[in-house]
Amino acid sequence: MHYTITRARADHAERLCAIERAAVGLFRGHAAWPSYSSMSLPVEVVHALIARGLVWVALVDDEPVGFVCLDAADLAPGVVGIAEIDVLPEFGGRGIGAALVEKACAWAREAGYRRVDLGTLTDVPWNAPFYAKHGFVAADKHAPEFAQALARDRENGFPDHLRVFMSRPLAPLATGDWSAWPAPAKLNLFLRIVDRRADGYHELQTVFRLLDWGDEVRLRVRTDGVITRPQDIPGVPEDSDLTVRAARLLAEATGTPLGADIEVSKRIPMGGGLGGGSSDAASVLVGLNILWRTGLDEDALAALGLRLGADVPVFVRGRSAWAEGVGEVLSHLRLPRRWYVVVDPHEHVPTAALFAAAELTRHAPRATISSFVSGDSAENAFEPVVRARHPRVAAALDWLAGFGRARLSGSGGCVFLETKTHEAALAIASRCPRGLTAHVAAGVDPSPLLMARGRIETRLIES
């Protein structure tokens with residue numbers, strides 16, 4: 001039997017919950033059965049973890065037969081937990097569980113975590129004894145870092161005398177190892193063009209909202225000074241790839257003799273107005289500045305980023321922000337916790353054509369932060385142009401407007417709707433029409449990139 005392990009997709013979520021319920025049946029008759037049988041893995045939790053890139057699936061003939069979820073919520077800094085791991089009973093004993101554990105731990109090390117924790121049962125062969133074979137050791141379950149998990153277990157009625165917490169330490173990153181850096185998407189909560197400068201650039205006002213969903217950039221330091229992409233990307237020559245350009249720009253600015261291999265796992269649609277290319281470039285700047293130990297501060301990195309694109313600085317700084325100028329004059333803006341339904345109509349919208357459009361409003365009155373907060377400034381200057389020229393985007397806006405205020409992000413073509421709860425966002429996304437793709441993401445501050453920067457920098461100091 002051949003199986004592959006890959007990142008889970010949003011459409012896997014319900015199948016993974018079904019796998020969890022099937023695996024729970026193995027505990028029938030065990031002292032923990034009353035607790036297991038009364039609980040189920042919430043599909044909204046699985047959706048959230050998939051969006052953050054924290055779920056891997058084992059596929060047989062493209063069908064999930066097992067999965068593992070990681071989660072760092074409520075854990076100590078630098079620690080990530082195995083929130084759930086299950087394999088369909090009929091596929092047990094074939095090494096799938098072991099491969100899932102090793103995959104999760106390998107990624108956690110690349111992402112800068114120092115330890116993986118989990119809670120399990122002592123007397124079940126595929127629980128504590130299985131994890132012990134994979135480097136996990138029993139921990140003091142009364143230690144402060146396990147207090148919340150222990151309290152939750154007791155509330156759920158797990159047999160306390162059989163419950164054990166285990167940890168697996170992860171080795172620090174070494175020279176030549178891959179490291180994993182998030183490249184989060186962004187939304188423009190509004191966008192206004194207030195002037196056109198003599199050099200042809202447009203003066204903007206916008207609010208950038210960073211999300212917990214996006215691409216992932218993997219970096220590996222080379223000692224030969226070569227900066228390259230091991231994987232070819234059709235239609236994107238290496239010399240024009242923004243991530244490669246970012247690395248070469250940083251090398252030129254700092255004079256480092258080091259090089260890098262760069263890989264990008266894309267989730268953010270190209271031409272969607274979500275900042276995918278800019279975010280990837282920012283993650284390269286931030287990541288290689290740490291890995292090469294070139295020591296540039298945030299201002300210097302943001303200035304380099306601006307040479308690559310107007311959106312790059314906000315990703316370098318990693319905070320939701322009020323932005324002016326061409327988008328590089330940033331003021332940190334605290335925004336309430338919100339979730340977003342982001343809809344991709346699968347239509348590329350060329351930014352240059354929008355800026356050149358005769359009907360684009362270029363001299364709107366200036367907005368204020370207070371007018372944005374009150375809801376009076378919520379428009380996107382590009383939306384009328386995009387609506388007129390891109391019918392698929394217009395259709396996505398019209399469908400999403402049935403649930404509230406639908407908006408275009410950046411220069412399109414993705415559109416979004418803000419909700420106050422994760423459940424509300426999932427309910428809307430679940431009704432997405434054929435031909436469109438809906439993602440659910442949370443607004444976050446600081447960004448996942450800043451969190452990874454702190455973790456990986458700490459691990460490099462330890463190495």
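Modeller: Strands β1 and β2 (residues 55-60) run antiparallel and are joined by 4 bridges. Within that pairing, Thr6 has Val57 of β2 as its bridge partner. Strands (E, at least two residues) and helices (H or I, at least four) are DSSP runs numbered from the N terminus, and two strands pair if DSSP finds at least two bridges between them. This is a predicted model, in which local features need pLDDT of at least 70, side-chain atom pairs count only at pLDDT 80 or more, and totals for chains, interfaces and linings use all residues. Residues are numbered from 1 along each chain as its sequence is written, and side-chain values use heavy atoms, with hydrogens and water left out.

The pair belongs to an open sheet of 7 strands with mixed pairing, in the order β1-β2-β3-β4-β5-β7-β6. β1 (4-7) and β6 (137-139) are at the edges with a single partner strand each, so one side of each has no neighbour in the sheet. From one strand to the next, the twist averages 35°. Angles run from 0 to 180 degrees between N-to-C directions, and axes are lines fitted to C-alpha atoms, for helices over the stretch in contact.

Helix α1 (residues 13-24) packs on this sheet and touches β2, β3 (63-71) and β4 (79-87), where contact means heavy atoms within 4.5 Å. The direction of α1 makes about 90° with that of β3.
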